[in-house]
Amino acid sequence: MQQHLPAWACVLVMLAGEASAQEARSPLIDAADSRMQIGAASLVPTLRRRWLYADHKLVVGRVKDVRVSADGTALIAVVARRRWLGGGEVGIPVPLLRQADNDLTVSATRETIGQLPLFKP
């Protein structure tokens, strides 16, 4: 029995270290996170599968999803960018999107859209 005591002690120390390494969360932060997630979920049916256009009717791509940014402060539209603009998925902040007639638009040039970094979830 005494031979197994050091192994159990190591496991308990590792578990205690992992628990203390977690970030302390407050109810206020949790409420804000919940509101952002609800906001993203409510925009998904409205924006998903819609074509996004930039200046001069430039087709940017289709909106695939709406997510909360990595820092939790903004809603991001994940757009599958057209191949001739660089391809891949890019994230565009939802407040930059506009509804013009029946089109979803963003004020940007071809060069700006081509230089957007790829979205990393």
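R83 sits in the loop that links β3 (75-81) to β4 (89-93). Strands here are DSSP runs of E with at least two residues, helices are runs of H or I with at least four residues, and both are numbered from the N terminus. R83 is exposed, at a relative accessible area of 79%; exposed stands for over 50%, buried for under 20% and partly exposed for what lies in between, with a 1.4 Å probe and protein chains only. Together with R49, R62 and R82, R83 makes up a positive surface patch. Patch members have over 30% relative accessible area and no salt bridge, and like charges are joined within 9 Å. A salt bridge would be a side-chain nitrogen of Lys or Arg within 4 Å of a carboxyl oxygen of Asp or Glu. Lys and Arg count as positive, while His and the chain ends are not counted, and the place of an Arg charge is taken as CZ. The areas themselves come from the Shrake-Rupley method with a 1.4 Å probe.

The model is predicted, so to speak of local features takes a pLDDT of at least 70, and side-chain atom pairs count only at pLDDT 80 or more, whereas totals for chains, interfaces and linings use all residues. Residues are numbered from 1 along each chain as its sequence is written, and side-chain values use heavy atoms, with hydrogens and water left out.

Now for the overall layout. The protein has three helices and six strands, and along the sequence they come in the pattern α-α-β-β-β-β-β-β-α. Of the 121 residues in the protein, 27% are buried.

Back to β3, which has a partner on either count of pairing listed here: β2 (residues 59-68) pairs with β3 in the antiparallel sense over seven bridges, and β4 pairs with β3, also antiparallel, over five bridges. Pairing asks for at least two bridges found by DSSP between the strands. V79 is a handy landmark, as the bridge partner of V63 in β2 and as the residue opposite V90 in β4. Next along, A80 stands opposite E89 in β4. β3 is mostly covered, with six of its seven residues buried.

Turns come next. The hairpin of β2 and β3 has six residues between the strands, and G72 in the turn shows a positive phi of about 80°. β5 (residues 97-100) and β6 (residues 103-106) pair in the antiparallel sense over four bridges, with R98 opposite T105 in β6. Two residues lie between the strands in this hairpin, where D101 takes a positive phi near 55°.

The loop between β1 (51-53) and β2 holds H56 and also K57. Phi of H56 is near 60°, a positive value in a residue other than glycine, and phi of K57 is near 60° too. Are these residues buried or exposed? H56 is exposed, with a relative accessible area of 81%, and K57 counts as exposed at 57%.

I38 is exposed, with a relative accessible area of 58%. Between I38 and V68 there are 30 residues in sequence and 9.7 Å in space, C-alpha to C-alpha.

Terms used
Patch = residues over 30% accessible without salt bridge, like charges linked within 9 Å, V, L, I, M, F, W, Y side chains within 5 Å.
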